[in-house]
Amino acid sequence: MTKVITYGTFDLFHEGHYRLLQRAKALGDYLIVGVTTEAFDRTRGKLNVVDSLLTRIENVKKTGFVDEIVIEESIGQKVSDIKKYQVDIFTVGSDWIGQFDYLKEYCQVVYLERTKNISSTMLREQNRKIQRIGIIGTGRIAHRFVPEAKLVSGVNTQAVYNPHTESAVRFAEEWELDPYEKLEDFFAAVDSVYIASPHETHYDYIKAALEHDKHVLCEKPMALRKAQAEEVFRIAKGKNLILLEGIKTAYCPGFNQLLGITGSGMIGSIRNVEACFTKLESKDSRELTDLQYGGSFLELGSYCMLPVIKLFGGGYTDVRFDTIRGDNGLDIFTKASFIYPNGIATVTCGLGVKSEGRLLIAGTKGYMVAEAPWWKTAYFEVHHEDPGEVEKYSDRFLGDGLRYEISDFLSMINGNGRSDFKLTRSESVAFADVMERFLEENRSLAD
Ligand code: C2G
């Protein structure tokens with residue numbers, strides 16, 4: 001008798017799960033399925049699991065393919081299950097290719113092709129749709145998006161668009177998605193879009209997506225002009241669609257804990273915010289060669305402005321930019337100084353100058369400090385007058401951290417949980433306003 005084992009969360013049970021179990025059963029005579037506990041899913045960083053363990057087990061059972069169910073509670077369990085149940089074949093979907101090769105020491109390992117397209121209308125008890133997400137753009141950040149989205153239950157990344165067909169096809173092959181070269185067809189295949197194209201194309205893509213009634217998660221900087229940001233938010237609101245700027249820091253648990261503490265009054269009234277982020281880039285990178293839309297401020301300014309605008313708002317009385325330029329005239333280092341009626345802030349960004357990359361928030365009773373990489377907030381300290389009095393805070397920042405914004409995006413679409421306070425429309429408009437001022441001062445804005 002050939003014994004087969006597979007594992008999964010099997011949340012919001014769909015045809016991808018069904019087809020996986022069907023083919024897993026066909027690999028042998030006896031199928032064991034390990035269903036993950038909520039606690040295990042939490043430790044491996046899976047977010048938004050909706051169904052209870054019992055419901056998920058019931059759904060797996062209902063397929064009729066399963067001979068035995070076990071509960072998966074920890075990372076090391078697969079090896080012990082394989083030994084304990086004398087398993088011949090371990091199988092899992094191809095989205096895991098390579099990751100379970102270590103089990104080859106104990107049994108045969110088979111990766112079954114993942115089901116690319118999940119129908120959005122498949123009805124379940126809760127009548128909840130799987131959000132079919134399509135990606136516009138195929139650069140570095142788009143590559144990070146797919147594995148992060150996989151860890152958010154209830155979304156399925158299934159399509160990619162790039163006007164350069166070759167890039168779309170290559171990306172689609174790597175991540176098992178459908179490539180599209182026509183925007184109309186792409187929009188028809190998805191419920192919402194993630195925009196990760198070059199900065200200057202965001203506005204047109206956002207408008208097009210909203211016109212096609214798609215929710216939008218757009219990489220930062222979402223817009224480079226204030227009026228454009230206001231316009232797209234107006235359209236989204238009028239159509240009851242979600243439009244969210246993807247600044248990952250805004251959605252991560254550690255940064256929200258930090259903001260919560262500033263709000264508690266623990267360091268008194270905030271008077272100074274200094275945020276610095278530098279990342280050395282090679283001279284021929286897009287960031288340092290695109291004379292119109294490259295440069296340190298456009299690349300990193302959104303992260304650094306986030307704590308400033310969150311804590312002080314958009315009502316500064318003055319902002320000035322001091323830049324150091326590279327040989328081609330592009331800013332390789334920028335300091336933006338904001339003056340508020342009751343506080344001051346500096347934002348420091350570097351692509352060709354390296355600095356410490358710290359976030360410092362000073363108040364009338366103490367200060368908070370988060371060292372680099374504070375934009376992936378995992379640890380920060382609260383200091384007071386007495387240097388010995390230091391409170392230390394830490395939180396989880398898992399993987400590339402995009403899962404947090406994807407999870408909030410999904411919650412907003414489903415209308416459960418009010419996450420929009422994490423990055424409000426007026427805050428995104430304020431970022432666009434600063435970007436526009438910077439571009440006006442530093443470059444002639446091309447229309
Ligand atoms: N699957 C699939 N097609 C999809 C979605 C999922 O073939 N469109 C497969 C997955 O590859 C996996 C199974 O269905 O083999 C269960 O998927 P999930 O519930 O998402 O569980 P997963 O996070 O993949 O857990 O220890 C757990 C395992 O590592 C797998």
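Biologist: Start with the open space. What volume does the largest pocket have?
Modeller: The largest pocket holds about 1300 Å³ of space. Keep in mind that this is a predicted model.

Biologist: How many residues line the largest pocket, and which lie nearest its centre?
Modeller: There are 49 lining residues, and Lys46, Asp95, Trp96, Arg114 and Lys150 are the ones nearest the centre.

Biologist: Which element gives the most to that lining?
Modeller: Helix 1 does, with four residues. Other elements that each supply at least two residues include strand 1 (3–8), strand 4 (89–93) and helix 5 (140–149). Strand 7 (155–161) and helix 6 (165–175) are also among them.

Biologist: And how do the residues of the pocket lining divide by class?
Modeller: Into 22 nonpolar, 14 polar and 13 charged.

Biologist: Now closed spaces. How many cavities of 30 Å³ or more does the structure hold?
Modeller: One. The volume of the largest cavity is about 30 Å³.

Biologist: Which residues line the largest cavity?
Modeller: Ile141, Glu219, Lys220, Gly246, Lys248, Tyr303, Leu402 and Glu405.

Biologist: Let's step back to the whole protein. How many helices and strands are there?
Modeller: The protein has 15 helices and 19 strands. Its radius of gyration is 24 Å, close to the 22 Å from the globule rule for 447 residues, so the protein is as compact as a globular protein of that length.

Biologist: What box do the C-alpha atoms fill?
Modeller: Roughly 75 × 60 × 40 Å, taken along the principal axes.

Biologist: What share of the residues is buried?
Modeller: Buried residues come to 56% of the 447. As for contacts between residues at least 6 apart in sequence, 68% of them join residues at least 24 apart.

Biologist: Last topic, a single residue. Where does Asn442 lie?
Modeller: Asn442 is in helix 15, which covers residues 425–442.

Biologist: Is Asn442 buried or exposed, and why?
Modeller: Asn442 counts as buried because its relative accessibility is 14%, and buried means under 20%.

Biologist: Which residues is Asn442 in contact with, leaving aside neighbours within four places in sequence?
Modeller: Thr323 and Arg325. With Arg325 there is also a polar contact, side chain to side chain, at 3.0 Å.

Conventions
Residues are numbered from 1 along each chain as its sequence is written. This is a predicted model: local features need pLDDT of at least 70, side-chain atom pairs count only at pLDDT 80 or more; totals for chains, interfaces and linings use all residues. Side-chain values use heavy atoms; hydrogens and water are left out. Buried means under 20% relative accessible area, exposed over 50%, partly exposed in between (1.4 Å probe, protein chains only). A polar contact is a pair of N or O atoms within 3.5 Å; within protein, one must be able to donate a hydrogen and the other to accept it, and residues adjacent in sequence count only if both atoms are side-chain atoms. Contact means heavy atoms within 4.5 Å. On a 1 Å grid over the protein atoms alone, a cavity is a set of points where a 1.4 Å probe fits but cannot get out, and a pocket is an open set with protein on both sides within 12 Å along at least five of seven lines; lining residues have an atom within 4 Å of a point. Grid points are joined across faces, edges and corners, and a volume is the space filled by probe spheres set on the points. The radius of gyration is taken over C-alpha atoms; the globule rule is 2.2 Å times the number of residues to the power 0.38. Ala, Val, Leu, Ile, Met, Phe, Trp, Tyr, Cys and Pro count as nonpolar, Asp, Glu, Lys and Arg as charged, and the others, Gly among them, as polar.
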